[in-house]
Amino acid sequence: MSTDWTPTLWSECFEEMLDEELDSSDQWAFHFNYGLTEALTKEERRRGWRVYNHCAYGRFQCGGCSKTWRSARVVLMFRYRLRDTTARGTVLMRPYGQACKRCREEFELPGFSQNEVEEALLGLFGKIKKNCYDEDEEEEEEEEEEEDEEEEEEEEEEEEEEEEEEEEDGSEKVSRRPHEKALCEACRLGNCCQE
Ligand SMILES: [Zn+2]
Ligand SMILES: [Zn+2]
């Protein structure tokens, strides 16, 4: 998993998954907006904008001291809308950063594995299908429920261990610690994953 924020990984994955996930000839565009806010204005709502937040597992590196860390609570915010009149859809994405525990300066942007990117985009496409195309979110609901239960149990066990620090060379985990709100940009803006 890379510690680098890689926008192209996201836009390429989005393009690839678009055909598979959406059974539609509508044109969808994917953009980044690093100043995106969560709250939609009335006007934006009227124009069809919706918000989807995803909580992902990402990795960071401090630009100052090169320390690396991982977090299971990296928030990705998406805004999306489909304009029926033009058959054009738009997705805007904002990744939230985390600050280095030592330096406590800038928020570093997260790096992700391809799997994490696909999982986040699957969630997004699920919402788009449901809210823009009136499709049910998933057909295999029964199977999913079982899986969800198992996952929840695992998550509970790990609840107190959401962040991991690594040795300087990035090889060994030295400790696990709870999510640090003061170092999380999403927490600061009141938009972190729900507990
Ligand atoms: Zn640092
Ligand atoms: Zn947070």
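The model is predicted: local features need pLDDT of at least 70, side-chain atom pairs count only at pLDDT 80 or more, and totals for chains, interfaces and linings use all residues. Residues are numbered from 1 along each chain as its sequence is written, chains are lettered from A and ligands numbered from 1 in the order in which they are written, and side-chain values use heavy atoms, with hydrogens and water left out.

The structure holds 11 aromatic pairs. The largest nonpolar core has 30 residues. Zinc ions are present as ligand 1 and ligand 2.

**Zinc ion (ligand 1)**

- Cys62, Cys65, Cys100 and Cys103 each give an SG atom as donor, 2.3 Å from the zinc ion. (Donors are N, O and S atoms within 2.8 Å of the metal, or 3.2 Å for Na, K and Ca; water is not among the atoms, so sites may look incomplete.)
- The site is tetrahedral because its 4 donor atoms subtend angles of 106 to 113°. (Four donors count as tetrahedral if all angles lie between 85 and 135 degrees.)
- The donor spacing in sequence is C-x2-C-x34-C-x2-C.
- Cysteine 62 sits in the loop between strand 2 (50–61) and strand 3 (68–83), and cysteine 100 in the loop between strand 5 (98–99) and strand 6 (107–108), so this pair ties together parts 38 residues apart in sequence. (Helices are DSSP runs of H or I with at least four residues, strands runs of E with at least two, numbered from the N terminus.)
- Cysteine 62 is buried at 5% relative accessible area, and cysteine 100 is buried at 2%. (Buried means under 20% relative accessible area, exposed over 50%, partly exposed in between, with a 1.4 Å probe and protein chains only.)

**Zinc ion (ligand 2)**

- The donors here are His179 (NE2), Cys184 (SG), Cys187 (SG) and Cys192 (SG), at 2.1 to 2.3 Å.
- The site is tetrahedral, with angles of 105 to 117° among its 4 donor atoms.
- The spacing along the chain reads H-x4-C-x2-C-x4-C.
- Histidine 179 lies in the loop between strand 8 (173–177) and helix 5 (185–188), while cysteine 192 lies in the segment after helix 5; the two are 13 residues apart.
- Histidine 179 is buried, at 11% relative accessibility.

**Aromatic pairs**

- Ring pairs join Trp5, Trp10, Phe14, Phe30, Phe32, Tyr34, Tyr52, Phe78, Phe112 and Phe125 into a cluster. (Rings of Phe, Tyr and Trp, the last by its six-membered ring, pair if their centres lie within 6.5 Å; planes under 30 degrees apart count as stacked, over 60 as edge-to-face and the rest as tilted.)
- Among the 11 pairs, tryptophan 5 and tyrosine 34 are edge-to-face because their planes stand at 85°, with ring centres 6.3 Å apart.
- Tryptophan 5 is in the segment before helix 1 (7–21) and tyrosine 34 in the loop between strand 1 (27–32) and helix 2 (42–46), so the pair ties together parts 29 residues apart in sequence.
- Tryptophan 5 is buried at 17%, whereas tyrosine 34 is partly exposed at 39%.
- Tryptophan 10 and phenylalanine 112 also form an edge-to-face pair, with centres 5.5 Å apart and planes at 90°.
- Tryptophan 10 belongs to helix 1 and phenylalanine 112 to the loop between strand 6 and helix 3 (114–133), so this pair ties together parts 102 residues apart in sequence.
- Tryptophan 10 is buried at 1%, and phenylalanine 112 is buried at 6%.

**Nonpolar cores**

- In the largest core, Trp10, Trp28, Phe78 and Leu121 touch the most other members. (A nonpolar core is a set of buried Ala, Val, Leu, Ile, Met, Phe, Trp, Tyr and Cys residues joined through side-chain atoms within 4.5 Å.)
- Helix 1, strand 1, strand 2, strand 3, strand 4 (88–95) and helix 3 each supply at least two residues of this core.
- Helix 3 gives the most, with 7 residues.
- A second, separate core of 12 residues includes Leu36, Trp49, Leu92 and Cys193.

**Helix 3**

- Its 20 residues should span 28 Å at 1.5 Å a residue, and the end C-alpha atoms of helix 3 lie 26 Å apart, which agrees. (The expected span is 1.5 Å times one less than the number of residues.)
- The buried residues of helix 3 pack against helix 1, strand 1, strand 2, strand 3 and strand 4. (Contact means heavy atoms within 4.5 Å.)
- Lysine 129 is in helix 3 and is buried at 11%.
- Beyond four places in sequence, lysine 129 touches Glu21, Leu22, Asp134 and Glu135.
- Aspartate 134 follows helix 3 and has a positive phi, near 55°.

Key: Tetrahedral: all angles 85-135°; square planar, octahedral: opposite > 155°, others 65-115°.
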